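Please look through the sequence and the structure first, and then follow the points below, which are grouped by topic.

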Amino acid sequence: MNSKIVQSDAPVLLVGGGAAEPAVLAAAVRAAETVVAADGGAARVLALGRMPDAVYGDMDSLAPEIQERLAPGVLRPVDEQDSTDFDKCLRHIAAPVVLGHGFLGDRLDHQLAAMTVLCLRPERRCVLVGAEDVVMLCPPEIALALAPGTRLSLFPMGPVTARSQGLRWPLDGLAFRPAGVIGTSNEVTGPLRLWMDAPVMLLILPVACLSELLAALAAAPGAWPARAG
């Protein structure tokens, strides 16, 4: 097993093999200082004329001829079947934020698995970018400059309480949990601030809000600690 960590002081682009908007992905690849691929996502990066800086996964979706095209040291197999390729990548990246393309859309089970990993790796700030939405694990506190009327959804992956300012339906006093109280289809009414008491709430915004979300993360006061064990 090659467990070398990719470390960067700038955002890292992580490319998976799932659905991704071609033009959006191409622009992201051009702009990124560091590009990591999850298994078969390496073929997508190579097709855009970029050599990935690292490829993690069990390599069951990466054709031998593609593996042969990778530069020495880029291929970093993680030979275990107890985690997804997304998890294998995320735990080997240390960066202010990871932008994941190719993990939303296509198969619903893959999307649910990716969202579960966001909660399993709360210390890794990662924004998954899809055709319609962006999703990430909501940090302990965040202030977002979003236009009134913007759709904002919250989905609990476990029990969590929250507070809010600037939402049409405030979060204060609610006990969120899966198969219970959830927070989808809320609406921004003004200057927005959210507080969470546990690292299990997914924040979902329109993809057009990606720049505002990244700016808010850069100014957010703190990240979640790693889960014990």
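Predicted model: local features only at pLDDT ≥ 70, side-chain atom pairs only at ≥ 80, totals over all residues.

The face of α6 turned away from its buried side carries Ser-211, Ala-218 and Ala-219, which are exposed.

**Helix α6**
- Leu-210, Leu-213, Ala-216 and Leu-217 are the residues named as buried in α6.
- Because these buried residues fall within an arc of 125° when α6 is seen down its axis, they line one face of the helix.
- The cover over the buried residues of α6 includes the strands β7 (98-101), β8 (126-129) and β9 (133-137), and also β10 (141-144) and β15 (201-206).

**Trp-224**
- Trp-224 lies in the segment that comes after α6 (210-219).
- Trp-224 counts as buried because its relative accessibility is 12%, where the cut-off for buried is under 20%.
- Apart from neighbours within four places in sequence, Trp-224 is in contact with residues from several parts of the numbering, among them Pro-122 and Glu-123, Leu-137, Cys-138, Pro-139 and Pro-140, and also Met-196, Asp-197, Ala-198 and Pro-199.
- Val-200 and Trp-224 are 24 residues apart along the chain, and their C-alpha atoms are separated by 10 Å.

**The cavity**
- The structure holds one cavity of 30 Å³ or more, and the volume of the largest cavity is about 60 Å³.
- Trp-224 is among the residues that line the largest cavity, together with Ala-223, Leu-118, Pro-122, Arg-124, Arg-125 and Cys-126, as well as Met-136, Leu-137, Cys-138 and Pro-139.

**Annotated domains**
- UniProt, in an unreviewed entry, lists residues 29-121 as "domain: Thiamin pyrophosphokinase catalytic".
- Over residues 29-121 the chain is 38% helix and 19% strand, with the end C-alpha atoms 24 Å apart.
- The unreviewed UniProt entry also places "domain: Thiamin pyrophosphokinase thiamin-binding" at residues 149-189.
- Over residues 149-189 the chain is 0% helix and 56% strand, and here the end C-alpha atoms are 6 Å apart.

Conventions:
Residues numbered from 1 in each chain as written. Heavy atoms only, no water. UniProt positions renumbered as here; feature names shortened; annotations may be inferred. Helix = DSSP H or I, 4+ residues; strand = E, 2+ residues; numbered from the N terminus. Buried < 20%, exposed > 50% of the residue type's maximum accessible area, 1.4 Å probe, protein only. Contact = heavy atoms within 4.5 Å. Arc of directions from axis to C-beta. 1 Å grid on protein atoms, 1.4 Å probe; cavity = no way out; pocket = protein on both sides within 12 Å on 5 of 7 lines; lining within 4 Å. Points joined across faces, edges and corners; volume = space filled by probe spheres on them.
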